[in-house]
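Please read it alongside the sequence and the 3D structure.

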Amino acid sequence: MKRTTLILIFLLPAFLLIAQKDLTKANLIPKPLKITPTEDVFKLTNKTVIYLKSDLPEIKKLGKYLSELLKPATGFPFKVKKTTNLDTGNAIYLVIRDKAELGAEGYHLKISKDKLIICANKPAGIFRAIQTLRQLLPAEIESKKIEKAKWEIPGGMIEDKPEYEYRGAMLDVSRHFFSVEDVKRYIDLIAAYKMNILHLHLSDDQGWRIEIKSWPNLTKIGGSTQVGGGKGGFYTQKQYKDIVQYAQERYITVIPEIDMPGHTNAALASYPELNPDNKAKKLYTGTKVGFSTLMTDKEITYQFIDDVIREIAAITPGKYIHIGGDESHSTEKDDYIVFINRVQKIVKKYNKTMIGWADIAAADIEKDVIAQFWQQIPDNAIKAVNKGVRIIMSPATRIYMDMQYDSLCPLGLHWAGYVEVDKAYDWNPATYVQGISKENIIGLEAPLWTETILDMDDIEYMVFPRLSGYAELGWSNLDNQSWEEYRARLKTFAKRFKIMEINYYKSPKVW
Ligand code: TNX
């Protein structure tokens, strides 16, 4: 062996050790705004204490959340205590401080030899920082049983805040129904990547999934089946509130969607009076779209919508209500316009901001409405922008998580093409559509339609690893965006996904 090779072999372990201690080399998704490394290393031990430097009850909850996150794998007790200073060592500090520039979700994470200080303007920032902390620790931290690992974090400072205020994932619980437990896991998974919106597609032709007390047949009849003819299901208002609260504790806003005037067969099957011939439609368990419509010229329709929006608004603390509005192919264009114009007033009456799929741009939408771009052709979205409306970017060709990865993918559809992991990541929401610029965009959302998705395993397979990339497109500054650089980071997440028991797609583009 040559002498230089020998020297290299001896130096390699030392080099790796140094590399591990460099905070800038940490594999974080989404990538933080700014990282400044030091030579320090912070170590979790049996005696590490979590200190709360804030009187907010939310911070107490977050202390407990962090303690419970770190306990199982380390086996350390992580006591949570209040403090008024930052003096004690071997400690993690959660600090709320007036720092307007950090906004609602930004944070600072300062890692020194014996202290890890998380500082934010708002509790949501602390929560987001905790997700960074998870990723700074070895993947074993995600384990539910005690693991042997070096619980060390390289020293330095992370200054971070999101690029977009709206970073969402959608779950279609109508085509196939998913339990409260499944939805909570979905929430946990998106929360780990700093997403802050969960859009629930609660009604469609195949199923009505939310209890409406004044129209009980919606769930009794309309919720009784799903694609393929299974038994379907629905959330009681109590269960929905439980989901909303679970999301809230993770600083995620739930946006309920009631799709109308199309995609309404489940409602039309539940109440004869919603139909022009006064006859209830048959329940539908296929996957075609565009065949159903509410009557746009009958008062009963608006009474129905008023009741539904009123009840849903009352159990939804978030400011948004999504009214669908897509693919209303059985509604005459003029009728559609009249309809959306009226629905927009109803949503406003209950003090909510209306979101609709960009198809709603055909109507006289007001400036405070939000339009969600999804189609291959951006005309509707551009029309919305020209009306002064802001956009959620959800281009199907890049961000529909029900699109197959490739032609061999066992699940999903491909009407918008195949979306491999590189295609999913390698675009910029601010420049994707000519005529829609950053100021027009409130953020992005990755929808998962579930015509072909039957259970949590299927959900995870379609969502991971694409979702991590979408989270980065929403959170991170994309000035130096590079698929190759991202890919190298994502590659290391295989271990984490495995320990978290995520049924992810092992993309040949990454692994
Ligand atoms: C289009 S996207 C739809 C949904 C389907 C989806 C399948 C949108 C607003 N409408 O009804 O589930 O395609 O990918």
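A residue counts as buried under 20% relative accessible area, as exposed over 50% and as partly exposed in between (1.4 Å probe, protein chains only). The model is predicted, so local features need pLDDT of at least 70 and side-chain atom pairs count only at pLDDT 80 or more, while totals for chains, interfaces and linings use all residues. Residues are numbered from 1 along each chain as its sequence is written, and side-chain values use heavy atoms, with hydrogens and water left out.

**Ligand site**

- The ligand is surrounded by 14 residues (a heavy atom within 4 Å), and the closest are Arg175, Tyr400, Asp402, Trp415 and Glu451.
- An N or O atom in the side chain of Arg175 is 2.7 Å from an oxygen atom of the ligand.
- A ligand oxygen atom also lies 2.7 Å from a polar side-chain atom of Trp415.
- A nitrogen atom of the ligand is 3.2 Å from an N or O atom in the side chain of Glu327.
- The protein buries 98% of the 360 Å² that the ligand exposes when taken alone (Shrake-Rupley method, 1.4 Å probe).

**Salt bridges**

- The whole structure holds 33 salt bridges, each a side-chain nitrogen of Lys or Arg within 4 Å of a carboxyl oxygen of Asp or Glu.
- Glu451 and Arg175 form a salt bridge at 3.5 Å, N to O.
- This pair links distant parts of the chain, 276 residues apart: Glu451 is in the loop between strand 16 (441-448) and helix 13 (456-463), and Arg175 is in the loop between strand 8 (166-172) and helix 4 (180-191). Helices (H or I, at least four residues) and strands (E, at least two) are DSSP runs, numbered from the N terminus.
- Arg175 also forms a salt bridge with Asp172, with the closest N and O atoms 3.1 Å apart.
- Asp172 and Arg175 are both buried, and Glu451 is buried as well.
- Glu211 and Lys213 form a salt bridge, their closest N and O atoms being 3.9 Å apart.
- Glu211 counts as partly exposed because its relative accessibility is 21%, whereas Lys213, at 54%, counts as exposed.
- A network of salt bridges links Lys31, Glu472, Glu485 and Arg489.

**Arg466**

- Arg466 lies in helix 14 (residues 466-475).
- Arg466 is buried but has no salt bridge; the nearest side chain of opposite charge is Asp402, 7.1 Å away.
- A polar atom of the Arg466 side chain lies 3.1 Å from the backbone oxygen of Met462.
- Beyond its neighbours within four places in sequence, Arg466 has contacts (heavy atoms within 4.5 Å) that include Tyr400, Met401, Val419 and Ala424.

How values were computed. Lys and Arg count as positive and Asp and Glu as negative; His and the chain ends are not counted. A polar contact is a pair of N or O atoms within 3.5 Å; within protein, one must be able to donate a hydrogen and the other to accept it, and residues adjacent in sequence count only if both atoms are side-chain atoms.
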